[in-house]
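Subject: Structure handover and notes

Hello,

Here is the structure you were waiting for. My notes on it follow below.

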Amino acid sequence: MATTLPLSTRGLLPAQRVATAATGESAVVRWVLIGVAVLFLALFIFLPLAIVFSQAFAKGIGPYWASLRQPDALSAIRLTLLAAGIAVPLNLVFGVAAAWAIGKFEFFGKSLLITLIDLPFSVSPVVSGLIYVLLFGLQGVLGPWLARHNLQIIFAVPGIVLATIFVTFPFVARELIPLLQAQGQEEEEAALALGASGWQTFFRVSLPNIKWGLLYGVILCNARAMGEFGAVSVVSGHIRGRTNTMPLHVEILYNEYQFSAAFAVASLLALLALATLLVKTLVEWRARRQLAESARWDGEEQIA
Amino acid sequence: MSIEAKNISKKFGQFAALDNVSLTIPSGELVALLGPSGSGKTTLLRIIAGLEFADSGTILFDGEDTTHRTARDRRVGFVFQHYALFRHMTVFENIAFGLKVRPRSVRPSKEQIHAKVHELLGLIQLKNLSGRYPSQLSGGQRQRVALARALAVEPSVLLLDEPFGSLDAKVRLELRRWLRQLHDEVHITSVFVTHDQEEALEVSDRVAVMNEGRIEQVGSPDEVYHHPNTPFVYNFLGSVNLFHGRMDDEIPAIHEAATGDFVYVRPHLLEIQRQPNGGSNFRAVIKHINSAGPLVKVEALSEWGAPVQVEMSQEKFQDLQLAKEETVFIIPKELKVFHKAI
Amino acid sequence: MAFTFKKRSNLPGFGLALGYTVLYLSLIVLIPLAATFLKASALSWDQFWHIVASPRAVASYRLTFGASLIGALINLVFGVLVAWVLVRYSFPGKRLFDSLVDLPFALPTAVAGIALTTIYAPNGWLGRPLASVGIKSAYSPLGVAIALTFIGLPFVVRSVQPVLEDMDKELEEAAASLGASRWQTFSRVVLPTILPAALAGFAMAFARAIGEYGSVVFISGNMPMRTEITPLLIMTKLDQFDYAGATAIAVVMLVFSLILLLPINLLQKWSSSREEKTSALVPEEIH
């Protein structure tokens with residue numbers, strides 16, 4: 001089950017999308033449908049965005065910056081960056097490895113493996129956090145052993161990093177698997193026949209072909225890593241200044257009725273989301289162009 | 001029902017697909033729109049169908065102006081190049097579709113629809129496949145279902161867009177003959193688009209040869225093949241030998257050097273003899289013989305170095321006993337002079 | 001026939017890639033999950049049942065399930081509409097709207113949570129007008145449904161869009177030439193074609209909504225028996241150090257997600273098989 005949104009190369013042939021004389025609706029019907037759709041989107045998308053920024057700046061720019069420079073806020077930002085900074089590269093390596101194994105080979109148990117990789121998507125964030133508490137918490141399976149060695153995972157930074165890794169780990173894999181599958185083996189086989197080693201083949205032939213999908217997966221992974229709330233909430237212990245990420249800090253501020261401060265921090269996260277969407281749009285545009293060029297090239301080959 | 005297209009023009013962006021095209025199709029005729037890609041034939045067909053609208057010009061069905069009517073209101077039967085069968089419906093449901101979507105007041109009863117669909121299934125000889133889905137049919141079968149679906153609504157006009165384009169050569173031949181038979185039975189005014197000149201010449205009552213958005217010539221298959229009006233038509237409908245030449249005192253003649261005009265000869269209208277016949281002829285050396293097939297194709301080089309293609313029957317070839325590098329005399333039987341070369 | 005684990009291939013790196021993959025997967029996913037089921041098994045069946053069938057738990061299931069279903073259904077209808085409008089029509093700002101459809105996916109759930117709550121609170125931009133006609137939005141099941149609609153918005157839209165774009169327009173032309181009205185063409189030709197994708201999107205939105213926490217926990221008000229979603233119930237039990245209770249309910253949620261996984265995979269397979277243009281042709285028969 002994928003709850004990622006696959007990299008879309010839609011719209012390759014824009015001519016096909018335009019209604020011809022025989023298959024268009026009357027102008028009235030068209031504009032009513034557009035109106036309803038736009039209203040729906042405005043209600044559910046624009047409105048929340050608007051309120052984040054309007055509330056954040058409700059007291060003015062000065063207080064906005066001040067709340068962001070609070071030490072607790074700063075350490076929350078730091079912790080968020082740390083967790084994402086560890087989770088994303090680790091999941092990137094995993095994603096590439098999994099995509100290589102699954103995309104290029106046929107083996108027994110492949111579909112089971114794919115289903116397991118999808119698992120974090122279908123599990124509630126709270127449960128995702130809980131499973132680590134049950135493993136590493138004081139009363140967890142490994143709890144006593146950890147206490148004996150003075151190691152703390154739950155209610156400390158390592159737990160947060162682990163929970164973040166769990167909820168974001170399918171993103172890169174899910175983007176890359178269909179890409180590597182679709183590309184077939186021919187280019188790699190050609191490289192090997194020409195004497196390249198396995199690693200050379202991978203870095204010089206396979207990787208460049210998937211670079212847009214890779215970038216896209218990393219962006220999504222990062223956005224989710226920085227924004228994760230439920231799972232991190234369970235493992236963190238909410239210790240101000242120490243185990244609070246930005247989303248948790250937002251919650252604390254909001255529950256203390258410090259609305260504009262809460263929205264100030266939230267606005268940073270909203271900006272991150274918008275940046276993610278922007279990069280996503282750009283990546284899709286580039287990937288579409290790349291596909292169109294290669295399709296044109298193939299077509300010319302056939303004519304010649 | 002007769003169709004008349006008057007002064008139709010259509011542009012797509014900068015590209016002029018049709019340039020002031022006029023064509024009359026009498027009732028009950030089977031007409032082919034023949035031409036290469038980009039000639040505008042499909043565009044013209046779609047404008048007649050109401051799937052596209054012309055920039056200028058009129059379309060008349062039986063004298064009535066239908067230029068601005070939508071496809072739905074024109075009651076034409078359209079068969080698409082890639083069949084456009086509804087994948088999620090069985091053969092039966094596909095054919096019945098047009099009848100089922102009629103407004104309640106004119107919708108036939110279930111029994112009537114059933115009867116009509118079965119009648120058509122018999123016509124296309126697929127009675128035992130009515131419960132199958134399009135993905136379970138071969139290309140030829142799908143095409144026949146597409147035809148039956150279009151006929152189910154009893155259109156006054158049948159329009160086919162390269163109906164046999166995506167089929168194997170053998171299947172194409174069979175379906176061609178079958179379409180001709182069908183038309184003889186049903187006598188519905190039909191227009192079909194093709195780029196295959198053999199198909200157009202074999203199946204249709206009349207051929208409209210199109211090129212670059214204009215109609216080059218309209219006539220019976222005999223007419224356009226034996227009496228082409230333009231170099232394009234001559235070249236498109238069969239193989240051509242091209243020589244320099246011109247009309248000398250009303251008689252077309254081949255010249256060795258450039259004269260400003262060109263002479264067109266079909267390969268089967270050149271005769272090879274061992275002796276000159278006293279009339280117009282020229283010497284040539286045989287370079288290549290291909291005798292595998294119903295006709296023998298001989299390639300030769302004229303005495304002034306022009307390549308010549310000659311076709312003759314196997315009998316004639318046996319009589320002559322030709323061999324490579326032999327020098328022979330070539331006698332042209334019928335020449336056509338045009339000012340332009342293809 | 002001998003059992004082969006892997007089909008022969010001349011590409012290198014299989015062992016390394018698969019090994020690392022399985023190792024990582026085990027460490028991050030399988031072992032913690034095993035710990036959960038281990039802990040749960042410490043409970044006797046009676047204890048387990050007592051927790052998961054308690055009135056409070058059942059009330060939370062009803063709310064979670066019901067509100068997720070409503071949200072997913074709203075997204076089914078409006079998602080198809082939005083996808084249609086984005087694919088078939090052009091209007092000013094269309095590209096912007098198209099990019100923003102993914103916002104609920106990219107926006108951190110806590111941010112969505114406080115934003116939605118502020119909008120629908122009794123003195124909020126929409127909360128106030130709604131309250132004046134007697135509709136309580138925030139701190140009610142309605143608020144939960146609204147949040148879950150937000151969460152699932154991209155799924156149906158993005159699932160249906162590629163199918164609509166790839167759809168052969170000749171199908172609609174054929175229907176028109178056969179006399180179908182625009183609505184008949186849509187309901188009899190277009191809709192069946194996009195149905196698998198729409199249902200796959202619906203299932204994904206539903207599954208996402210069931211487990212959702214951050215967007216809902218602010219707007220729901222969290223009153224036990226009334227506006228408490230199941231994930232929050234787990235959270236509450238954890239706060240009270242009732243690990244057994246939390247684990248039991250977590251197991252219920254896990255089992256439910258696993259059950260949902262199968263139909264979703266099937267729907268996605270159905271949807272992508274429909275997208276294939278032509279299957280293998282039957283060899284030509286001579287008639």
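Which residue forms a salt bridge with B:K287? The partner is B:E325, and the closest N and O atoms of the pair are 3.4 Å apart. B:K287 counts as partly exposed because its relative accessibility is 35%.

Please keep in mind that this is a predicted model.

Confidence in chain A

Chain A has a mean pLDDT of 83, with 89% of its residues at 70 or more. In residues 10-18 of chain A the pLDDT is below 50, though the model gives this stretch 21 contacts beyond near neighbours in sequence. Where pLDDT is low, the predicted coordinates should not be read in detail.

Chains A and C

Between them, chain A and chain C bury about 9400 Å², and 78% of that area is on carbon and sulfur atoms. Chain A puts 103 residues into the contact and chain C puts in 104 residues. The polar side of the count is six residue pairs in polar contact, with both residues at pLDDT 80 or more. On the side of chain A that touches chain C, helix α2 (residues 27-56) of chain A gives the most, with 21 residues.

How many salt bridges are there between chain A and chain C? The count is one. C:D102 forms a salt bridge with A:K280, and the closest N and O atoms are 2.4 Å apart.

A:K280 also forms a salt bridge within chain A, with A:E284, where the closest N and O atoms are 3.3 Å apart. These two residues are four apart in helix α15 (residues 259-303) of chain A, so about one helical turn separates them. Are A:K280 and A:E284 buried or exposed? Both A:K280 and A:E284 are buried.

Chain C has a salt bridge between C:D242 and C:K237, at 3.6 Å from N to O. C:D242 counts as partly exposed because its relative accessible area is 28%, whereas C:K237 has a relative accessible area of 18% and is therefore buried. Elsewhere, salt bridges that share partners join A:K280, A:E284, C:D98, C:D102 and C:R158 into one network. Over all chains, the structure holds 31 salt bridges.

Two arginines in chain B

B:R74 lies in helix α2 (residues 71-74) of chain B. B:R74 is buried and has no salt bridge, the nearest side chain of opposite charge being B:D65 at 7.5 Å. What does the side chain of B:R74 reach at 2.9 Å? That is the backbone oxygen of B:I48, and the side chain of B:R74 also reaches the backbone oxygen of B:R69, at 3.0 Å. Leaving aside neighbours within four places in sequence, the residues in contact with B:R74 include B:I47, B:G50, B:F53, B:F61 and B:H68.

B:R274 is in the loop between β14 (270-273) and β15 (282-290) of chain B. With a relative accessibility of 32%, B:R274 counts as partly exposed. The side chain of B:R274 makes a polar contact with the side chain of B:E326 at 2.8 Å, and a polar atom of the B:R274 side chain lies 3.3 Å from the backbone oxygen of B:Q321. Not counting residues up to four places away in sequence, B:R274 touches B:L320, B:Q321, B:L322, B:E326, B:V328 and B:F329. By C-alpha atoms, B:R274 and B:V240 are separated by 23 Å, and they are 34 residues apart along the chain.

Backbone angles

Most residues other than glycine have a negative phi. A:F155 is not a glycine, yet has a positive phi of about 60°. A:F155 is in the loop between α7 (143-148) and α8 (157-168) of chain A, and at 34% relative accessibility A:F155 counts as partly exposed. B:E154 is not a glycine either, and its phi is positive at about 50°. The place of B:E154 is the loop between α5 (139-152) and β7 (157-161) of chain B, and B:E154 counts as exposed because its relative accessibility is 52%.

Regards

How values were computed. Residues numbered from 1 in each chain as written. Chains lettered and ligands numbered in written order. Heavy atoms only, no water. Buried < 20%, exposed > 50% of the residue type's maximum accessible area, 1.4 Å probe, protein only. Contact = heavy atoms within 4.5 Å. Polar contact = N/O pair within 3.5 Å; in protein donor to acceptor, adjacent residues only side chain to side chain. Lys, Arg positive; Asp, Glu negative; His and termini not counted. Salt bridge = Lys/Arg side-chain N within 4 Å of Asp/Glu carboxyl O. pLDDT = per-residue confidence, 0-100. Buried area = accessible area lost by both parts, 1.4 Å probe.
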